[in-house]
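Dear colleague,

Please find the structure below.

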Amino acid sequence: MTELRGLGYLRIQTQDVPRWRALLLDGLGMAEGSGPEADGFYARIDERRSRIQVLPGDSDKALAVGWEVRDEFALQRVREAVEKSGRTVEVLSHKEATYIDAEGAIAFEDPAGTRLEVFFGPVLDHSPVVTRFGGRWVTGGLGLGHVVLPTANFAETYEFYTQVLGFLPRGSIRLDEDGLVRVRFLGINERHHSLALCPAPPNEEPGLVHLMTEVDTLDAVGQALDRVNKLDFSISSTLGRHTNDKMISFYVRAPGGWDLEFGTEGMLVDERHYTSEEITADAYWGHDQSGSEPLKAFLPPTA
């Protein structure tokens, strides 16, 4: 059983903060949050001061994926499990925890080199959440959404998330005829998956395949699709409904070569009855990716 409750936040570095701001605020309709870096951008969608933190830098990479636990005792149990697996755990100082808006936190790298920050006691902002176009995000006990992470060390990474961190297998899709290469979906709450792992070439800097956030109406998704088109963002995958989590969504290419999935109507998993399955198609309808350029995570290391 996992101690993790949900995806808490995503912190990235980008060469184009203004374009990220335009995508998250003017396109998807998030609210402007607050954070410690004056030249960064912080996106807010609920009572957390920020859920997506965008910081300037000379390259595009994932700085940290934040996972939330219930309290300091759960945090200690995660620390012990990760240390027992042989990985080094950094205990964040009070100043460092304050920087990420938490009471306490630890950090370590997964086998793919992605920095994970596990935290408890998030700082809340009780002022009204005034999103740009009135959208309401589905978070709460389901967390921010889900992330899909690339890994060149698939077997080791999958074992780490399932056997050490306690993620539950929530199905897969094969990428080859023999079924030896798969994308695997992993859950920690009622959201179908909070994480998916995807085989990818080695990369010097941690990256993403995509981040998904969910809103409460189909109209909000359609209106956002209209806006990102008018803002000249590239649609990586057309509107469609997924077969595994039943999400109706589209994908838009973000600065840096990653995708943001924006959807609604995601299914809730009842662990009393759920069994892991293999899907044989990504979507019931839509989700046409034929016009999309390759994601940065899948480009050869020399590209």
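This is a predicted model: local features need pLDDT of at least 70, side-chain atom pairs count only at pLDDT 80 or more; totals for chains, interfaces and linings use all residues.

Residues are numbered from 1 along each chain as its sequence is written, and side-chain values use heavy atoms, with hydrogens and water left out.

A nonpolar core is a set of buried Ala, Val, Leu, Ile, Met, Phe, Trp, Tyr and Cys residues joined through side-chain atoms within 4.5 Å; buried means under 20% relative accessible area, with a 1.4 Å probe and protein chains only. The largest such core has 59 residues, and Leu24, Trp67, Tyr161 and Leu165 have the most contacts inside it. Helix α1 (residues 17-27) gives the most to this core, namely six residues. Helices here are DSSP runs of H or I with at least four residues, and strands are runs of E with at least two, numbered from the N terminus. A second, separate core of ten residues includes Val148 and Phe185.

In helix α4 (residues 154-164), the buried residues are Phe154, Thr157, Phe160, Tyr161 and Thr162. After α4 comes Gly166, with a positive phi near 85 degrees.

A cavity is a set of points on a 1 Å grid over the protein atoms alone where a 1.4 Å probe fits but cannot get out; its lining residues have an atom within 4 Å of a point. Of the 19 residues lining the largest cavity, Tyr9, Ser50, Gln53, Ile100 and Asp101 are the closest to its centre. Strand β1 (4-14) supplies the largest share of this lining, three residues.

Yours sincerely

Note on methods
Buried means under 20% relative accessible area, exposed over 50%, partly exposed in between (1.4 Å probe, protein chains only). On a 1 Å grid over the protein atoms alone, a cavity is a set of points where a 1.4 Å probe fits but cannot get out, and a pocket is an open set with protein on both sides within 12 Å along at least five of seven lines; lining residues have an atom within 4 Å of a point.
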